[in-house]
Amino acid sequence: TKNMHFFSRNKYVKNRETWETFGLRGKQAMEFAALDLPILPGFIIDASVTAHLDHQDDMKRYLKNYIGKCESDTGKRFGDKENPLLVKVVISPNLAIVSYPTLHNFGLTDDTIPGFNQFVGEDFGYHEVLFLIKGYLQVEEKIAQLEERQKDAEKITSLIENLQKGMEKNDKAEKFKSLMEEYRRYLPEDFFSDAYTQLEIVLKSISKMLAIDELDDEDAALIVQPMVYGNYGKNSASGEFFTRNIVTGDKKLEGWFEQNRFNSIESEGKEIAKIEKPIFAELEKVAGIVEDHFKEIRSIRFTVENGKVWLIDQRPLMSKSVQADVKTLLDLYARKIISREELITAFKPDQLNEILHPVIDVKSTKSMERIDGGIAGAPGAAIGRIYFSTETLLDAYKSAQQKGEDTRLILCMPATFAEDVKAIEVSTGVLSAEGGYSAHASVVARQYGKVSLVNFDLKFRGKKKAQIGKVDLNEGDLVTLNVPHYGEPTIFLGEAQLIEPDPKQSGLLDFIDVVKKDVAAFHVRVNADKPRDAELARTFGAEGIGLCRTEHMFFQEERINVFREMIMSDNREERLKVLKKLKKMQQSDFYQIFKAMEGKEVTIRLLDAPLHEFLPHNDEQMKAFLDYLKTSGGKSMSQREVRERCDALAEFNPMLGHRGCRIAVSYPEIYEMQMEAIFEAAYKLISEGKKVAPEIMIPLIMNHNELKLIIYGKKIEGNTYRGLAQVEEQVRERLGAKPVDYKFGTMIELPVAALGAGEIARYAQFFSFGTNDLTQTTIGLSRDDYTSFMPDYTLFDILSGNPFQILDEHVKELISIAVRRGTLTRPGLTKGLCGEHGAVPSNIAFCMDAGLDYVSCSVYSVPIALLAVAQQNI
Ligand code: PEP
Ligand code: MG
């Protein structure tokens with residue numbers, strides 16, 4: 001008997017090493033018993049003997065001993081004519097991949113069947129007898145298969161099939177009974193004569209099966225446990241529940257129960273909350289103990305027999321929401337059951353995406369048509385009608401608004417550009433044929449918290465039709481984009497149900513509060529150019545703005561034409577006139593952004609736009625621009641003149657062309673205007689008693705001379721270049737303000753700048769690594785076009801990952817060099833990273849190692865980056 005082990009509530013094998021021979025289910029039973037829960041008693045025959053029971057002579061004696069212990073717990077007797085105890089045999093292997101059927105209802109014999117039927121009714125009773133026979137035959141079938149007795153195996157298979165058919169019919173007792181009689185001849189003669197004999201026969205069969213099954217690594221144990229029935233008399237029920245809501249995480253049992261189930265046909269059951277109060281209270285207590293022990297939501301099966309609750313088993317859940325996990329763990333943390341470390345390391349940072357964006361309710365997509373493919377530009381789920389141009393989308397948006405109709409729209413284009421941002425802004429998502437993670441559609445979508453699915457198989461057929469995958473769709477058709485962070489994106493045709501995020505309700509804000517306790521020296525900032533984003537980022541815990549892309553401030557419809565007018569200016573005088581208009585807009589933007597950031601650093605990047613990006617791209621834009629010019633009061637231009645100016649501005653290689661600080665070298669008045677706008681806003685706030693911390697960032701620097709010129713100015717042969725430091729001074733003097741602490745710094749986004757960092761740091765108080773451009777220029781891979789040939793590169797293992805997502809080794813090397821050379825010149829140099837790489841945990845780990853002070857990322861990535869930082873600090 002040293003190989004048999006009894007367990008029941010609070011009685012279990014104390015030496016946990018022994019549990020190794022109990023198989024997975026056996027271990028679980030022991031764990032349950034140790035938790036002092038109302039578990040069904042039972043005993044385990046451990047793995048060391050399960051394959052040798054065949055040779056056991058006095059087995060009955062042992063069985064009697066152990067079954068006796070179960071009898072006293074359940075108040076029934078094995079083989080009793082009136083109220084018989086029945087048992088099941090569970091095969092418990094150590095490998096999760098091996099699965100055997102559970103065998104039920106042993107103890108049903110010619111003597112005990114009538115007594116059993118008294119409690120459950122004859123229909124159910126005889127049905128259970130057939131179930132018992134089926135279990136036994138399945139073992140015999142397996143043995144025949146393993147012994148390669150083909151004929152026998154086939155015969156048993158057809159017997160089982162026949163039996164199954166009979167069981168599935170919602171028949172009455174007589175039919176079931178006659179099937180039982182028919183099957184007697186296929187069973188050992190004394191199968192129904194005596195309960196112990198029956199159990200012994202079955203255990204020996206199972207033992208034989210395990211002995212010859214090669215899958216079995218001699219590790220399978222057997223568990224013998226009483227059966228309880230949820231239809232056993234009046235106060236009986238059975239059911240299953242989750243310890244809390246698996247979608248919302250609310251601490252409320254979710255599940256069902258049923259009573260009086262007298263046949264095998266599954267019924268829906270009633271809500272668990274409707275079960276009798278004392279039972280519900282007991283189940284709630286059980287749920288609490290199970291959650292506290294396993295530190296997660298679990299699913300629990302139970303049976304109530306004659307008013308007594310028995311737990312059948314519990315198991316972990318395959319699918320539950322991140323929100324449910326966050327709330328469960330926050331609850332456990334608040335009650336000191338888990339530590340802060342356990343809470344913080346429980347999630348992969350990317351998992352938070354799920355509570356930052358709406359998610360698809362998968363149940364709702366079961367019968368929907370789907371098309372898989374594409375690359376996740378910005379993960380999440382979006383529903384909307386598809387529109388194939390910014391113009392048609394905006395029209396549809398306006399008209400839906402006016403009519404009070406559904407305004408959810410999805411922009412669907414070959415690729416997107418600056419003028420499409422206004423459509424993305426009002427859309428729920430973007431779908432594009434081209435592009436990758438750092439393409440325009442993806443960057444902008446992430447910034448606005450929209451979903452983006454790029455590189456999708458899209459073919460446009462005229463203006464109003466497109467083929468998406470193999471499906472033809474019209475403009476205005478409703479689709480659902482499902483873009484998970486992991487796994488393949490999907491487009492569902494039609495409308496799926498969404499679950500909307502709510503940072504307070506979801507537990508996200510509470511979670512961030514805990515996470516921030518492990519974020520100290522190394523900060524997370526946000527890439528934001530809108531007051532709304534700045535505010536949201538503050539609630540998410542951002543410690544400042546690391547990148548305010550000022551060119552994004554001109555994307556709005558009423559501004560882009562003013563900006564175009566500025567680009568079209570022929571000379572300084574003309575330009576200055578338009579800049580005055582732009583300055584007003586910028587000033588109010590900066591005022592609001594500074595205000596939202598409450599004195600935290602705000603890094604404002606002066607204009608960095610390839611000019612062609614802002615030019616009219618089609619007839620409609622051209623018309624809108626010409627219309628604007630008529631009323632602008634500025635110079636008038638004909639369509640031909642505009643075209644000529646566009647041609648003159650066109651570049652072969654705009655990303656390496658007249659952009660970044662190069663614009664400021666040619667047209668200093670643009671940065672001067674921005675500088676004035678920044679400091680007028682800053683001094684206004686200061687006069688209102690607010691704090692501001694501006695950081696002026698010059699983009700696309702190749703050497704220190706650019707920086708020196710732009711900041712400090714120069715006089716040469718009668719030409720004067722007014723430096724930005726002087727502009728600030730003049731604003732301050734004009735306003736009669738006391739000087740505010742502010743910094744000049746630069747982006748390091750060209751290899752030459754990284755290498756020249758030592759010189760550059762003489763003029764820069766901070767560096768911000770623009771890894772989008774730095775990657776593009778280091779690898780020589782266009783950030784906008786690389787996706788067309790990237791699959792070939794991945795296929796042949798030329799590049800291991802997407803360098804626009806995961807920092808390339810040599811880009812890292814350049815960053816490290818720049819950090820070293822920069823700090824050698826200026827020990828107090830502040831260093832950050834603001835490319836799209838900033839939210840990826842592995843990149844963050846590198847940045848922390850390399851001695852950077854912060855990463856800056858899009859607003860919805862801030863919580864993810866914070867968690868990654870905290871995990872590094874632990
Ligand atoms: C960069 O190049 O990494 C960067 C942040 O600037 P942008 O993406 O605006 O070029
Ligand atoms: Mg850049």
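Into which domains is the protein divided?

## Model and domains

This is a predicted model, in which local features need pLDDT of at least 70, side-chain atom pairs count only at pLDDT 80 or more, and totals for chains, interfaces and linings use all residues. Residues are numbered from 1 along each chain as its sequence is written, while chains are lettered from A and ligands numbered from 1 in the order in which they are written.

The protein is divided into domain 1 (4-226), domain 2 (237-320), domain 3 (358-499) and domain 4 (518-554 + 592-608 + 661-873). These bounds come from an automatic or database domain assignment. Taken over C-alpha atoms, the centres of domain 2 and domain 4 are separated by 54 Å.

## An annotated stretch

An unreviewed UniProt entry places the feature "domain: PEP-utilising enzyme mobile" at residues 409-476. UniProt positions follow the numbering used here, feature names are shortened, and annotations may be inferred rather than shown by experiment.

Residues 409-476 are 22% helix and 37% strand, and the end C-alpha atoms lie 8 Å apart. Helices (H or I, at least four residues) and strands (E, at least two) are DSSP runs, numbered from the N terminus.

## A sheet of five strands

An open sheet of 5 strands runs in the order β1-β2-β7-β5-β6, with antiparallel pairing; two strands pair if DSSP finds at least two bridges between them. Its edge strands, β1 (4-7) and β6 (103-106), each pair on one side only. From one strand to the next, the twist averages 20° (axes are lines fitted to C-alpha atoms, for helices over the stretch in contact, and angles run from 0 to 180 degrees between N-to-C directions).

Strand β2 (residues 42-45) pairs with strand β7 (residues 221-226) over 3 bridges, in the antiparallel sense. Ile-45 stands opposite Leu-222 in β7. Helix α2 (residues 59-74) packs on the sheet and touches β1, β2 and β7, where contact means C-beta atoms, placed from the backbone, within 7 Å. The direction of helix α2 makes about 5° with that of β1.

Key
Two residues are in contact if their C-beta atoms, placed from the backbone, lie within 7 Å.
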